[in-house]
Amino acid sequence: MAVKVLILEDNPVARSFLCRVVRESFSDTLAITEAGDLESARKQINLTGGAQGLHGVDPFKLILVDLELPDGNGMELLAELSQYPATKIVTTLYSDDDHLFPALQCGADGYLLKEDRFEVLVEELQKIVRGQPPLSPAIARRLLTHFRDGGRPELRSADSGFSRPVELASSRPVPIEKPADHERLTPRESEVLTYLSKGFTIKEIASLMGIKWFTVNDHIKSIYKKLNVSSRAEAAVLATKQGLV
Amino acid sequence: MPIARPAGVTAPSGYGDSSTLTTDSSLGFDSAAPDASLSAGASDGVSRGLASGRWLGWRRRALMVLALLGCVGLFALLRYLAGTHYIDVNWRVSSTGQIELLSSGDAQLRQRAGQYLRGLETADGHMLPAQTLASRPSPRWIVDDEERAQQIVLEAQLAAAMEQPSVRLHFDGVAPIDIKPVPRGYAGLGAPFWLLTALALVLYLIGAVVVLVRPDERNLLYGLIALCQTTNLLLIALESLQGFGLPLGIGEVNSLVRLGCDVITGAAILHAISVHPRQVPHRKVIAGFGWALALAFVGAAALGGASNLWWWTQVLLLTYGIVCTAVLTWSYRLLPHPFSIVLRRIGLLLAGTLGLLTIAIGLAGREPGVQQTIASIGPVIWYVFFASAVMLIPFLSRSQQVMREFTLLAGVSTVATSLDLLFVAVFALGQFTSLTLALFVALGVYAGTRQWILNQLMGSNMLTTERMFESLYRAAREIESAGSSGAEHLSKLLGELFEPLEVTHSPRTVPASRVVGDGSTLMVPVPQLPGIDTGAAPRGSLVLRFARRGRRLFTREDARLTDRVLDQLARAIAFDRAVEQGRNEERARIAQDLHDDIGARLLTLMYKAQSPEMEDYVRHTLQDLKTLTRGLAASSHRLSHASAEWKADISQRLHAAHCELHWSFDIEREVNLSVVQWSALTRMLRELINNVIVHANASRVDVTGRYERGRFTLTVGDDGVGRDPQGWSHGLGLGGIRKRVKLLGGEVRWRDNVPRGVVCEIRVPELVERQER
């Protein structure tokens, strides 16, 4: 049975490029579904059992989502698909973490930069599907701040990408009580994040901390899980910030 | 001028105005905290007082009772005076010293107009000389003891004569006529009398208000001073009654009462300044000494034991003046309260004019006749001067323009009359000459010293407007760039404005700037400046004490000015912020448009590229575009963060090119890169790595960065096939690097690497934080 893949991308040229990348990456028989906007993507997902990923239906195994779409932001779909049992990857032109960090919080398993070389993209995609989440130093910094401040994303990060000054100035609602399910990072996880934010690669971190590289990877995966857990509690806040509701 | 209007003798208007005065002046003299601590207590008292009706209630009632008492007493006096008998005459002292009759309300006397009056014969045959009657000096200000006794007897005789049915007036060369003294009536009191009683009433009311607002030691002393001077003014008013004839019994007590009032005033002032503005050590000794001296002197005078009484009185008063000045100087040393300085200046002016007057009258007293009118007017003017100064003191920090001018004029008039007397006495000048000369000198003094005195006394001189604007906008800039430390910059700005001795922060919040502690202290609310997130932190207020290093009092104008300055500051900051925000928004919009539109097109172009070279070229263009747009959107980057991203980016790219990266970055101190610096470094590094990947065919790349003491060094070395970099033609990439290094103010050079490859070394001697504006 073919592995089902959904590619949500409005630019036809980019879409066919991504198709090539996906076909190159995996040896399985692939059934690639392409969608040009959120509406048709939702339709396709509903055909396969809806956003909750009902049992007994054959769901998509891999979903590539572009952020800027004609009828909205790809993050809307990511938020809807938080329970969907697929590997969700953001493919975008935005490399700044003001776009990527929220995407991670929405449950994205990784992100790909569309302008990267074909081979690089293939390699990255394989890594993500194998369970190696990508972490740029900037993202690591954001994660550190996120967990240190108890779920409040840093307001004035040093490189704040495209976030508007208006948003910086306006006072955002902050939950008075800490979410009950908000998890803290273990010291090891914080250490990993700190090294990551200083630009060290996973291999370097492993040798610095004297552990195996897959242990580092496990820490990163655990951080991701915690991020998603904590982000659910403040999903409402985020949705407001991202203009989703 | 709210102070002058209560002069209306009618009780209701006097009461109405005084009640507003109660609330007003509670910030003035009377509410000052006597100790050095912040006068918060005082203003607390005020706010508490204003809050509770009872506090105000009994004071208002008491004030009403006192005002009514004063008015009723005055009215009774007026009624009594209107009933006393007098002879209605106006005269002029001729150049020969004779008394020339000018006009009279009496029909008989009117016919004698123009004739010289010789004297007045009482029914029991006493002859009262006309010259003494006409000059009618105040017994208090007669230098000679004997003369004074005579004058007192004379006044008693005159008063007795007025009770008789008729008196006989003798004229030079004409037959005497019998005149019947008539009741004075209200119209017969004369303009000077009315003015002086009005002044006395005002002084009385001010004294009452001050005492009632806060009945403590200082204010009771002030009340006593005010009461003494009220009495003095009333007695002077009595002496100024026109025509012949005095109320019975006034003459005998007049001299002693006035002397007593003067001496008690002196002692009270000494006592008051020993406790305010600062309690000086041994104040009980000082005050006790003052009072003992005063009581002993008054006792001696009352028993008639003293000779040369006038001289002794004057010497005693001047001594009080000198001691007061000394005590104030001492007090200022202990606590640089500007009130001490102002008081000392006023005291020096008063004592100085008194000394001048004393000398003038003492010298002129030996000259017979001509200047007696002036000699009797001089002290009157001095008393008016003194009374107005006393009235001024509670309102020093509220800068009552009119009162200030009035005081100044009274002071200058005293100087003028004293000088007039002195010229006559010392230089034997003619009456007209000396008067003219004295007037000119006095006017000169007035014009010359007015500005100086005003500046020194209350101080209206501020920073020049330009400097103020400069400070204002600099403060706005600083607050805007520094973020939350608004109060700190504000205190600096206010410090430049007022040069206070100390600026502290108080947690109390006041609604607007206000002057407390009788002008020693200005409380300025820390404003909620736009865009500065003070959060839940209490704003509180800034407390400025002792303006101009303790030489100047804060006035209400200062408080208003401060409010306006704060207002302008907030506006300037809001404006700056709006501009900055607009700039940021515009930059972000441009960046977003560039990124979204051009980026998408480049991406399409890249996918459709005919050759790998073309694809790479477009990819680099796209990456440059992204760097550019990110630089536009963000305002600053930390060096450590930037280096981490460089490393992540470079390692990814080198990994794809199967090239090993050796990375070492050493940052001594964190530094914020400006957008220009960040994008220049980012693009140079990318260009260098690109060159390595495309041309060098290297297997290993060494990147080292070092930032120490503001100096930044970056080297990129490879082990590729490149050799002899000096001979390279300057392609677009290398030219771009040179240009960017130049932009950063640094230098770049290439050299051969050992054992193979090339090294590029970039040095930026001053990679400092620059204000991005």
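**Sheet, buried residues and interface**

Visitor: Over how many bridges do strand β6 (residues 87–92) of chain A and β7(A) pair?
Guide: Strands are DSSP runs of E of at least two residues, helices runs of H or I of at least four, both numbered from the N terminus. Two strands pair if DSSP finds at least two bridges between them. For β6(A) and β7(A), the pairing is parallel and the number of bridges is 4.

Visitor: Which pLDDT do side-chain atom pairs need in this predicted model?
Guide: Residues are numbered from 1 along each chain as its sequence is written, chains are lettered from A and ligands numbered from 1 in the order written, and side-chain values use heavy atoms, without hydrogens and water. The model is predicted: totals for chains, interfaces and linings use all residues, local features need pLDDT of at least 70, and side-chain atom pairs need 80 or more.

Visitor: Which strands stand at the edges of the chain A sheet?
Guide: The sheet is open, with 5 parallel-paired strands in the order β2-β1-β3-β6-β7. An edge strand has a single partner, so one side of it is left without a neighbour in the sheet; this holds for β2 (30–35) and β7 (110–113) of chain A.

Visitor: What angle does the direction of helix α5 of chain A make with that of β7(A)?
Guide: Axes are lines fitted to C-alpha atoms, for helices over the stretch in contact, and angles run from 0 to 180 degrees between N-to-C directions. Helix α5 (residues 118–130) touches β3 (62–66), β6 and β7 of chain A, where contact means heavy atoms within 4.5 Å. The angle with β7(A) is about 175°.

Visitor: Is B:Leu493 buried or exposed?
Guide: B:Leu493 lies in helix α17 (residues 486–498) of chain B and touches residues including B:Ala475 and B:Val565. Buried means under 20% relative accessible area, exposed over 50%, partly exposed in between (1.4 Å probe, protein chains only). At 4%, B:Leu493 is therefore buried.

Visitor: How many disulfides does a search of the whole structure find?
Guide: A disulfide needs two cysteine sulfur atoms within 2.5 Å. Over all chains, the count is 0.

Visitor: How far from B:Cys228 is the nearest cysteine sulfur?
Guide: B:Cys228 counts as buried, at 6% relative accessibility. Its nearest cysteine sulfur belongs to B:Cys261, and the distance is 4.6 Å.

Visitor: How many salt bridges cross the interface of chain A and chain B?
Guide: A salt bridge is a side-chain nitrogen of Lys or Arg within 4 Å of a carboxyl oxygen of Asp or Glu. A:Glu204 and B:Lys647 form one, at 2.4 Å from N to O. Across the interface the rule finds 3.

Definitions and conventions. Lists of a residue's contacts leave out its neighbours within four places in sequence.
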